[in-house]
Structures are given as structure tokens and as C-alpha cells.
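Subject: A structure for you to look at

Hello,

I am passing on the structure we talked about, and below it you will find notes on what turned up. Please keep the view open while you read, so that you can follow each point.

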Amino acid sequence: MAKRVKVTIHDFASLKENLNNPEELALYEAANGNIYDATIEHDGYAVIDVTEDDYIELAPGEYQLMIEEWTNAGQIGELTLQTKSDPADDTALLYRSVDASGQEVQPPQSLPKQVVELVAKTWFGKAPKKVEE
């Protein structure tokens, strides 16, 4: 299944070590900072077709999942919580509340994706099994 991702390569040193072809490295450099549809593999790597003939493969730290439009994340009483990627920060999500008519009740607030993930794991993760000695 394709997901929207933004290429966010911060350090090209390891790519330069692993890629022997300057044309292939140029594909990564040209893709950096752009948004694409990607196939996310079971190991977390993203595969992006950058042209009909060429593709790049990104490690989990080299891309960010993107939600480009406001998407419903759930209900809080009478309000709907919506989220989308923060255009000012690739590592954050915006959250806002809207009423039943779609009017914004609470303005967007930016939260780091890492905080959202930690809260989700705390609230919805399975408790570790106790090991008896």
C-alpha cells in the first residue's frame, strides 16, 4: 500500500559510502525535501519510484510519513479531533478540534510525532509480562 512520505535525508555520508554510482546518488539528492508516494516494506524501508526507470530506497530515518489534508483522528465529546502533518516541522503533527459543522473550535497545536507515539504506546500498548524468578 502506498503512503505519502517526505524525503528527509540529513546526512549523505553513509549513502556516499554505499553508492558507487554518482547518477544514483544524484537521484537521492534530487529527491531530498520532496513528497512522494512510497511503498513501505515490512522492515520499515520506503521504496519510491522517482522516474519510470529509477527508484530509491530509504531507511526509516531518511523519510517522514505525511498527512497532507486534515484527517479525523477521533471524537472528544461533541468535537472531532483532526490531524495533519505540520508544514513547518517534518517531525511534528498539527491537531485541532472542530464542531459538527466543521468550524474550528480549538486552533491547531503542533506536537512532535515522537510525543504522539510515546503517548499512544503508554495508553494503548500492552503491559510487559512480569518474569517470575
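A strand, as the word is used here, is a DSSP run of at least two residues marked E, and strands are numbered from the N terminus. Please bear in mind that this is a predicted model.

Let me begin with the sheet, which is open and is built from five strands in the order β4-β3-β2-β1-β5, with antiparallel pairing. At its edges lie β4 (55-58) and β5 (63-65), each of which pairs on one side only. On average, neighbouring strands of this sheet are turned by 40 degrees against each other, direction ignored.

Is Lys-6 buried or exposed? Its relative accessible area is 18%, and because buried means under 20%, Lys-6 counts as buried. The side chains of Lys-6 and Asp-90 are joined by a polar contact of 3.0 Å. If neighbours within four places in sequence are left aside, Lys-6 is in contact with Gly-33, Asn-34, Ile-35, Glu-62, Tyr-63, Gln-64, Met-66 and Asp-90.

Best wishes

Terms used
Residues numbered from 1 in each chain as written. Predicted model: local features only at pLDDT ≥ 70, side-chain atom pairs only at ≥ 80, totals over all residues. Heavy atoms only, no water. Buried < 20%, exposed > 50% of the residue type's maximum accessible area, 1.4 Å probe, protein only. Polar contact = N/O pair within 3.5 Å; in protein donor to acceptor, adjacent residues only side chain to side chain. Contact = heavy atoms within 4.5 Å. Pairing = 2+ DSSP bridges. Helix = DSSP H or I, 4+ residues; strand = E, 2+ residues; numbered from the N terminus. Axes fitted to C-alpha atoms, helices over the stretch in contact; angles between N-to-C directions.
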